[in-house]
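Colleague: Hi! I'm new to this one, could you walk me through it?

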Amino acid sequence: MQATIVFQQIWDAIHATNDDGTRKYKYIRLPGSSRSSKTFSCIDVYDLYAKSNLNKRLTVWRDTKTDCKKTVLNDTLKHLKQTDRYKYLKSFNKTESILHYHTDSTFEIHGTDDEDTVHGLTQDAAWLNEPYNISREVFDQIDQRTSDFMLIDLNPKMGHWSDDLAKDSRCITIHSTFLDNPFCPDEQRRKILSYQPAK
């Protein structure tokens with residue numbers, strides 16, 4: 001599987017351990033600029049984690065499920081098909097927006113607008129995608145129901161409650177830019193570079 005350095009950094013953080021063998025990081029913050037590969041790297045992490053582990057529930061959250069489907073789900077299906085990995089799924093439940101793997105693991109799309117789901121659903125991993133409209137209180141609800149790790153990806157354009165989370169010893173912050181993404185299309189790379197201040 002071709003992947004970026006961002007994927008490798010996330011994967012390494014997920015598997016990092018303390019001296020006593022316990023998981024070192026629960027929270028992985030991913031502030032990054034446009035086209036830095038953070039979304040596709042998270043997709044790759046979820047796909048590989050689901051394939052490599054039995055009976056894991058991996059959830060993705062945005063402020064609404066509709067928005068999560070239009071963004072993360074759409075990107076996930078497109079990416080898996082383009083990289084010839086979609087055929088390895090056991091099934092895809094389009095109605096519920098759940099990808100099922102042969103390992104009995106699932107990759108699920110959710111929205112925090114469904115309060116019952118936020119307060120009732122447990123998972124092994126949770127990914128908060130661009131959580132600008134997700135409150136710290138909602139994060140806490142998801143956090144206490146998540147056993148393995150949490151991914152939080154965002155553009156560093158404003159202050160965010162996850163800035164405080166960065167102070168937690170169980171949190172690692174992985175910064176990225178489009179320069180970390182060798183798959184960034186040339187035209188988009190030129191456009192981003194045109195925004196850079198002249199030296």
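Modeller: Happy to. One term to begin with: buried means under 20% relative accessible area, exposed means over 50%, and partly exposed is in between, with a 1.4 Å probe and protein chains only. This is a predicted model, where local features need pLDDT of at least 70, side-chain atom pairs count only at pLDDT 80 or more, and totals for chains, interfaces and linings use all residues. Residues are numbered from 1 along each chain as its sequence is written, and side-chain values use heavy atoms, with hydrogens and water left out.

Colleague: Thanks! Is Ser97 buried or exposed?

Modeller: Ser97 counts as buried because its relative accessibility is 0%. Ser97 sits in the loop between strand E3 (91–93) and strand E4 (98–100); helices (H or I, at least four residues) and strands (E, at least two) are DSSP runs, numbered from the N terminus.

Colleague: What about the phi of Ser97?

Modeller: That phi is positive, about 60 degrees, although Ser97 is not a glycine. Most residues other than glycine have a negative phi. Asp104 also has a positive phi, near 70 degrees, and is placed in the loop between E4 and E5.

Colleague: New topic: where is Trp161?

Modeller: Trp161 is in the loop between strand E7 (146–154) and helix H6 (162–165). Its relative accessibility is 14%, so Trp161 counts as buried.

Colleague: And which residues is Trp161 in contact with, leaving aside its neighbours within four places in sequence?

Modeller: Contact means heavy atoms within 4.5 Å. With those neighbours left aside, Trp161 touches Leu128, Pro131, Ile134, Ser135, Arg136, Phe139 and Ile152. Take Ser135: Trp161 and Ser135 are 26 residues apart in sequence, yet 8.0 Å apart in space, C-alpha to C-alpha.

Colleague: How does that look across the protein chain?

Modeller: Of contacts between residues at least 6 apart in sequence, 69% join residues at least 24 apart.

Colleague: How many helices and strands are there, by the way?

Modeller: The protein chain has 7 helices and 8 strands. It has 199 residues, and 46% of them count as buried.

Colleague: Last one: where does Asp114 lie, and why does Asp114 count as partly exposed?

Modeller: Asp114 lies in the loop between strand E5 (106–111) and helix H4 (115–120). Asp114 counts as partly exposed because its relative accessibility is 36%.

Colleague: Great, that helps a lot!
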